[in-house]
Amino acid sequence: MLLQCKNVTHYFGGLCAVSDFNLDLQQGELIGIIGPNGAGKTTIFNLITGVYKATQGSIQLEGHELVGLRSNRITDLGIARTFQNIRLFQELSVLDNVRIANYGQIHYNPMNAFFHVGRFAKEEQRTIDEAMQLLDDLKLADVADETSKNLPYGQQRRLEIARALATHPRLLLLDEPAAGMNPNEIMTLMDFIQWIRQEFKLTIILIEHQMRLVMGICERLKVLDFGATIAEGLPYEIQNNPKVLEAYLGEGAE
Amino acid sequence: METPMTSKTNRFQGPRASWEALMAKRWLLPVIIALGFILSLALHLGSFNAYYQLTLIYICINVILTVSLNLVNGYMGEFSVGHAGFMAVGAYTGALLSTRVWPVELNPFLFPVTIIIAGLVTALFGLIVAVPSFKTRGDYLAIVTLAFLFIVKSAIENIELIGGPRGIPGIYKLSNLPWSYVWMVIALWVTRNFVYSNYGRGVLSIREDEIASDLMSVRTRQVKLLAFVLSAFFAGVAGALFAHALQFISPRVFDIVKSTDILIMVYLGGIGSIAGSILGATVFTVLLEVLREILGPFQTWRYVLMPLVLIFLMIYRPRGIMGLREFRWFIPARDLFASQRWRSKAEAKKKEAADAAAV
């Protein structure tokens with residue numbers, strides 16, 4: 001088992017944002033978390049990645065407890081994510097965006113950095129080559145020197161995924177990757193997610209509003225409403241679940 | 001735009017092309033640095049006009065101060081107003097070493113050691129400010145640094161052993177032009193090296209988006225610690241140089257006005273830029289000397305004019321002249337040509353594979 005969430009509960013003051021969230025995630029799975037706005041989907045990502053510390057419960061990555069660790073440690077352990085509203089390092093170049101995500105993989109000490117001596121040159125060249133290769137794989141090599149805020153929206157989304165991949169994750173958390181995309185772009189994105197999943201041997205959790213995407217690629221779905229899990233199962237089961245229809249699909253989400 | 005001229009440049013393509021051709025000659029930078037040193041040595045040995053020499057020394061010291069504050073304020077995007085406090089620590093450490101600790105006759109030889117110890121002691125104080133920066137940022141961290149400045153100043157004022165409010169007079173004049181120049185080059189070089197390293201990119205990512213940078217495996221605490229310590233180290237170096245140039249220091253020298261001056265130099269030259277730091281410090285120092293001439297008996301107006309400059313800068317050019325841009329010679333070739341070199345390498349590989357397939 002790759003990731004296990006047990007009775008994860010989180011309060012913001014008196015407000016229960018997530019209650020009793022359970023998840024068993026096997027290596028290689030692609031699952032979706034859906035639910036209406038404010039259901040606590042992004043909060044779950046924030047709990048897994050250590051942005052918030054869960055009030056109760058445990059989150060384990062291959063038996064390693066994550067609750068209480070700092071975000072960068074969790075990333076080092078192999079969990080990477082993207083953000084609902086793109087959070088690139090806007091003023092920096094596309095290449096630097098990806099190189100920063102290599103931070104945990106670079107091994108030289110501050111003295112090497114102050115004087116550019118020792119293993120510095122070798123390590124730097126390695127990360128440049130690695131980052132460029134990754135950009136090339138994701139068809140972003142041509143814009144490597146571009147300031148990232150100047151990229152078109154679709155490319156910014158892709159760069160965010162590239163940046164997440166540069167941390168060498170085993171588990172990738174995608175927070176509404178299709179937000180603001182038209183049906184055509186969503187089709188491309190579906191293929192793209194399937195492709196990176198195989199190419200980088202990833203396990204993926206997807207938060208999404210776009211039913212087309214979720215139904216198309218997720219093997220299993222979890223539906224949240226007001227922090228509680230109201231249903232889970234295969235996509236077609238979810239589609240016909242009366243509880244879900246009432247909470248979410250019934251309100252005309254499609 | 002960033003492509004350097006690889007083929008032969010046409011001489012008649014106009015200023016743009018000649019600029020590109022000049023930029024391609026990257027070997028010129030070390031030559032210029034060496035020439036600068038020879039010039040500083042010549043001016044020193046040739047007993048060039050003492051006033052001009054002192055102004056040049058101040059330019060060097062101010063460049064060190066500016067580039068070190070730029071690391072925190074420009075590259076990391078925090079707002080530290082306590083830089084004069086670090087400078088004071090360095091100045092007092094240096095002055096005490098040379099007036100009280102070292103034997104008089106060894107003083108000139110121990111001067112580099114004095115400077116380094118002053119820097120290291122100040123770096124320790126950098127840790128004190130770095131730790132609160134883990135939890136606070138923005139305006140609140142600015143207040144922490146302001147408090148640090150006041151604490152340092154009033155601590156010095158109240159310790160009679162180091163002269164209290166009267167300060168330390170009669171410091172030997174050990175900061176000459178060549179030494180100041182050498183330390184300036186070291187400060188610029190080390191800061192530039194740091195910025196173009198893994199840690200430096202971490203510093204930039206903290207400015208851009210701290211939460212995202214934490215989630216992209218950047219150890220933000222380590223990065224902040226390093227940035228503050230390095231920044232404090234060079235502020236201390238500048239302070240020690242300053243003490244041995246002015247030959248007299250007192251707590252009053254290191255007040256909020258001094259911090260404001262350094263801030264103006266940073267925001268005038270440009271945040272997040274080595275070239276901007278040099279430019280800002282030089283323009284400001286020269287401007288100050290010119291003002292001294294012009295203002296005559298109205299010297300105190302300087303305290304109105306300079307903050308006004310800061311206000312106008314913040315409104316109309318918040319990033320300064322070179323804001324977030326860098327002079328190409330200062331960028332390591334590995335970074336500047338990273339994508340280009342990778343592309344040509346990839347093409348060569350492809351060609352090789354094609355050739356192998358053809359055979």
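User: How many helices and strands does chain A have, and how are they counted?

Analyst: Helices are DSSP runs of H or I with at least four residues and strands are runs of E with at least two, numbered from the N terminus; by that reading, chain A has 10 helices and 10 strands. This is a predicted model, in which local features need pLDDT of at least 70 and side-chain atom pairs count only at pLDDT 80 or more, while totals for chains, interfaces and linings use all residues. Residues are numbered from 1 along each chain as its sequence is written, and chains are lettered from A and ligands numbered from 1 in the order in which they are written.

User: Why is chain A described as being as compact as a globular protein of that length?

Analyst: The radius of gyration is taken over C-alpha atoms, and the globule rule is 2.2 Å times the number of residues to the power 0.38. For chain A the radius is 19 Å, close to the 18 Å that the rule gives for 254 residues, so the chain is as compact as a globular protein of that length.

User: Which domains does the assignment give for chain A, and what separates their centres?

Analyst: Domain bounds come from an automatic or database domain assignment, which here gives domain 1 (1-78 + 181-254) and domain 2 (90-168). Taken over C-alpha atoms, their centres are separated by 28 Å. Two residues are in contact if their C-beta atoms, placed from the backbone, lie within 7 Å, and the contact takes five residues from domain 1 and five residues from domain 2. On the side of domain 1 that touches domain 2, helix 2 (71-77) and helix 7 (183-199) each supply at least two residues.
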